[in-house]
Amino acid sequence: MAVITDEHQAEQEAILPKVRPLRLLRWLMAVLALLAGATCLLLLLVWNDVQDGIILSAAAFALVANAGLALAALMPDARDAQVHLLSEMMGQSGEGQMVTDRAGRVLYMNKAAEGFFGAAVPDGNLDRLAGGDGTVAQTLGRLQSDALSGASSQDEFRLMLPNGEIHGLELRVHPIGNPADKVAWYLAEATARQELREVLRNEQALLTDFLDNAPVGFYSVDQEGQFILSNNTLANWLGYRPDELAAGQDLRSVVANDSATLLPGQGAAQGEAEGVGLSNRYWDVTFQARNGDTFQAQVTQSVVGDAAKGEARTRSVVRNLSLERERRSALQTAERRFREFFDHAPVAVLLLDAEAVILEANVTFAALLPEGETAAERSLFDFVNEDDRKYVDRQLQAAWANEPSSGPLEVALFAGPQQRQMELYASGMTDAEGGVSGILLHLIDNTTQRNLELQFAQSQKMQAVGQLAGGVAHDFNNLLTAMIGHCDLLLLRARPGDETFPDIMQVKQNANRAANLVRQLLAFSRQQTLRPKVLSLTDVLAELTHLVRRLIGENIELRIEHGRDLGLVKVDQGQFEQVVINLAVNARDAMTGGGILQISTANVSWQESRNLGNDLIKPDEYIKVQVKDTGKGIKKEDMGRIFEPFFTTKQPGTGAGSGTGLGLSTVFGIVKQTGGYIFPESDTDIGTTFSIYLPRYIPTVDDAAAASRDEDDERPKDLTGKGKILLVEDEEAVRMFAARALRNKGYTVMEADCGEAALTQFNEQEGDFDLLISDVVMPQMDGPTLIREVRKQRPDLKVIFISGYAEEAFRRNLDPNSEFELLPKPFSLKQLAGRVKDVIGA
């Protein structure tokens, strides 16, 4: 708000106040004329008798009055002319002018003012002039108040007219009267000036923003090194605000190295300070931020001002090299990572041109190529199976047309033994203009997956075979039990000199051989019944040494290395011996020209098992048995199949483990059922190593008692006894043999051919039995169900299960705390009688 000048005050005095004397004279003349007319009329009414004198006097007075009236009539004409002249002058003025009273009513408005406000405002006031704009109304009201208080002032605003146009107006107000009772308004067009001012303000804001937030820093310091100004960028790098730097911060406090050369009038800048605007100089500077962090920068600087007068200052530009180096490093890192991603992606990646020529291939694809071949500048179709080429060509054409992918294409690459099954994905690579510049190809090798699918199908088949073998073995065990048992019954009556004695022995021996074959079938299906006991593998291997030497022959050297302080294991000794013998025979067949077979043992600690790096083995303490040969080794492609049933790389007639027919699958089944692990390693023409890890076992008191019983079993003993036995078996031949055998030994035997019949007899006898002998698998009520029922009445009843299945196959159907003995089929008379006497005697 500005105060009105003397010139504007003179304008005020030149308007309406000049007509004030004329207005007073006009009113005075009008009053005299009225008085004269009234006097003449009174004389005529009162003094009728003096007519002549009155008439004369009236005529004279009328003459005077008329003269006065004429003069009064002439004087308004002069006054109106002046007012009209003044109104014309104000109306023709290019400056808007108007007058308002104390209430804000518009008393006068010239044409220019009407143009500014859009139209004449009859009976208008300031609020109507504002057009509903609250800001304009507030400004008009404030100027009105200032003028009525005797002060001249001015302001400007932007007003929207009824036709939508926006005008910028400058307003000056002057008080009229003393005290002021009216306000003179002067209005001038200010649109262009306001728009120019707004443009300049915006450009200044843009320039300020550009300088403050430019990617480089700006600063200026005086000769003392004090900051004069700086932009936001530099201040942020240094951890300050620009006003903090300008408030007395010294350049030397933020420069880590020699800063003297950056000061105007000193050091290398001395020469520049002698002139104005000399050429720029460059320095490499280490800046130190408020928090102590440093960054490298290049300062470009010129010095202006007279150093001799202390007026030198710098114009400095700071380029943060750390940020550029970080960006450059990030770009290099991104390029390197992309190259690594491209080269070492787990899938093959190719870049093709429109003719399917390979422009670039990653390491994964190169690894798939046959030895000695390269992919660069070769057609993709050189590697595609002929039957798949038309489908690949169709996929590439769709990719070049940038059509949506229809999904992966199954193709075969390469020929012969190195053929790979691949999933092909093709997509177009677009350039900056959106056109297709190449084809990006991803090839996923699912050969292993296909092989796994085949292996899974094979394992499913083998599982079915195993289940079948287990069922067959169970049936065979029933038959063999009857055969062996009845042979034992015959041998009780036959003497060695009898004619039938050799025949009976032949039957029994062949039955035992058949029983061994059945055990191998159960080992393959992992359904065999193991009789684990605590063993020292040192002793077991020592006992096996003579047999292994005979098996491998004289041209192969056998080396046995026993680990020191070897721990104990709990395994089925017979099955473990079968594992070692089978591996030894395989090693013999791999060393047809002779070699070395080494069998070693060692303790493996928990930490050592963890460091093996194999996720399949659980960290624990183990006893390791290693069987190593110097044979021809196993091919890499065969390593994943060596434990498959019936898989062999040998010619017919030379298969390892002749007599079992199940090869390494039997070994694998035995080790896994024992709770151990087996891992093969092989190098062609160097040899093969099988490492077996068996859990280390800590003996208990029960183990010592079991060992004592085993020793007792080895000594001859009396198998006769007394007791009442309930025998339950659905196979008549087995039941007949077992009943006769037990009766011959002095026991009272009651027979039942199913679980229901046995439960009926048990209830009829009120549970008066010393022992229950039951088959496991029977129609309707099986053995475990029968045991649960009878033990509801006799919880202490002793039980022996006889079965051709493994104990684990039916234990889950029993109470975990349920106690029983298991006699696996086939069994002999001696084994049956011995087990019954042990249980009843216990």
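## Helix 21 and helix 25

Helix 21 passes helix 25 in a right-handed crossing, where the near helix is turned clockwise from the far one by less than a right angle.

Phe 737, Ala 738, Ala 741 and Leu 742 in helix 21 meet Leu 829, Leu 832 and Val 836 in helix 25, with contact taken as heavy atoms within 4.5 Å. By class, this contact has seven nonpolar residues and neither polar nor charged ones.

## Basis of the model

The model is predicted, with local features needing pLDDT of at least 70 and side-chain atom pairs counting only at pLDDT 80 or more, while totals for chains, interfaces and linings use all residues. Residues are numbered from 1 along each chain as its sequence is written, and side-chain values use heavy atoms, with hydrogens and water left out.

## Helix 16 and helix 17

Helix 16 (residues 537-552) and helix 17 (residues 573-590) have axes that come within 10 Å and cross at roughly 40 degrees, and these helices are therefore also oblique to each other. Their crossing is right-handed.

Among the residues of helix 16 in this contact are Leu 537, Val 540, Glu 543 and Ile 552, and among those of helix 17 are Gln 573, Phe 576, Glu 577 and Arg 588. By class, the contact has 13 nonpolar, one polar and three charged residues.

## Aromatic pairs

A search of the whole structure finds 13 aromatic pairs, meaning rings of Phe, Tyr and Trp (its six-membered ring) with centres within 6.5 Å. In one of them, Phe 365 and Phe 383 lie 5.8 Å apart, centre to centre, with 80 degrees between the planes, which is edge-to-face (over 60 degrees). Phe 365 lies in helix 12 and Phe 383 in the loop between helix 12 and helix 13, 18 residues apart, and both are buried, that is, under 20% relative accessible area.

The rings of Tyr 622 and Tyr 677 have centres 6.0 Å apart and planes at 75 degrees, so this pair is edge-to-face. Tyr 622 lies in strand 20 and Tyr 677 in strand 21, so the pair ties together parts that are 55 residues apart in sequence. Tyr 622 is buried, with a relative accessible area of 2%, and Tyr 677 is buried with 16%. Ring pairs link Tyr 622, Tyr 677, Phe 679 and Tyr 693 into a cluster.

Definitions and conventions. Helices (H or I, at least four residues) and strands (E, at least two) are DSSP runs, numbered from the N terminus. Ala, Val, Leu, Ile, Met, Phe, Trp, Tyr, Cys and Pro count as nonpolar, Asp, Glu, Lys and Arg as charged, and the others, Gly among them, as polar. Rings of Phe, Tyr and Trp (its six-membered ring) pair if their centres lie within 6.5 Å; planes under 30 degrees apart count as stacked, over 60 as edge-to-face and the rest as tilted. Buried means under 20% relative accessible area, exposed over 50%, partly exposed in between (1.4 Å probe, protein chains only). Axes are lines fitted to C-alpha atoms, for helices over the stretch in contact, and angles run from 0 to 180 degrees between N-to-C directions. Angles under 35 degrees count as roughly parallel, over 145 as roughly antiparallel, 65 to 115 as roughly perpendicular and the rest as oblique.
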